[in-house]
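Reader: I would like to learn how to read helices and their contacts. Please keep it brisk.

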Amino acid sequence: MKHSNESHLFTDNENRRSAAELILNLFSHWGLSTAEKAELLGYSPGSRTFLASLKENGIPDKRDKIDRVSYLLGIHKGLRINYPYNKEIVYGWVKSPNTKLGDQSPLTHMMLHGIPGMSRVRSIVDQERGR
């Protein structure tokens, strides 16, 4: 199933900086470590400079980075639609075991499988809306 994509947010430098601010804010709500943030965004888990670069320059104009951020923002958007009155679920869901992922958390699944994992997690969120 093809998903609508939030890549229209990345049309210029100002929008890429805004998208970086959004994703870093989301990561803060999710309670992610620096290594988890790096891995989700396709950087080396040991990288420490990517955060400063994101804050200063925004999301790089690279398809891989844009796709990752698009999926992550789409997952969050879907969770907010699915659970509009429960921020605890919206922000905690990503770290909770999920039977559709073999009791793996969506976070772990995305970190292990990269963009295909993000696509799978996005599909699960979208399926939840269809129930």
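Reader: Is helix 4 mostly covered or mostly uncovered, and how many of its residues are buried?

Author: A word on the model before that. It is predicted, so local features need pLDDT of at least 70 and side-chain atom pairs count only at pLDDT 80 or more, while totals for chains, interfaces and linings use all residues. Residues are numbered from 1 along each chain as its sequence is written, and side-chain values use heavy atoms, with hydrogens and water left out.

Author: Now the terms. Helices (H or I, at least four residues) and strands (E, at least two) are DSSP runs, numbered from the N terminus. Buried means under 20% relative accessible area, exposed over 50%, and partly exposed in between (1.4 Å probe, protein chains only). Helix 4 is mostly covered, with 14 of its 20 residues buried.

Reader: What span does helix 4 reach?

Author: The expected span of a helix is 1.5 Å times one less than its number of residues. Helix 4 covers residues 63-82 and reaches 28 Å from first C-alpha to last, close to the 28 Å expected.

Reader: At what angle do the axes of helix 4 and helix 6 cross?

Author: Axes are lines fitted to C-alpha atoms, for helices over the stretch in contact; angles run from 0 to 180 degrees between N-to-C directions. Here the two axes come within 9 Å and cross at roughly 30°. Angles under 35 degrees count as roughly parallel, over 145 as roughly antiparallel, 65 to 115 as roughly perpendicular, and the rest as oblique. Helix 4 and helix 6 are therefore roughly parallel to each other.

Reader: Which residues make the contact?

Author: Contact means heavy atoms within 4.5 Å. Helix 4 contributes residues including Arg68, Tyr71 and Ile75, and helix 6 contributes residues including Gly114, Ile115 and Met118.

Reader: Is Arg68 buried or exposed?

Author: Arg68, in helix 4, counts as buried because its relative accessibility is 12%. Leaving aside neighbours within four places in sequence, Arg68 is in contact with Glu39, Leu40, Leu41, Gly42, Gly114, Ile115 and Met118.

Reader: What does Arg120 touch?

Author: Arg120 is in helix 6. Not counting residues up to four places away in sequence, Arg120 touches Lys100, Leu101, His109 and Gln127. At 31% relative accessibility, Arg120 counts as partly exposed.

Reader: Where does Asp103 lie?

Author: Asp103 sits in the loop between helix 5 (87-92) and helix 6 (106-129). Its phi is near 65°, a positive value in a residue other than glycine. Asp103 counts as exposed, at 53% relative accessibility.
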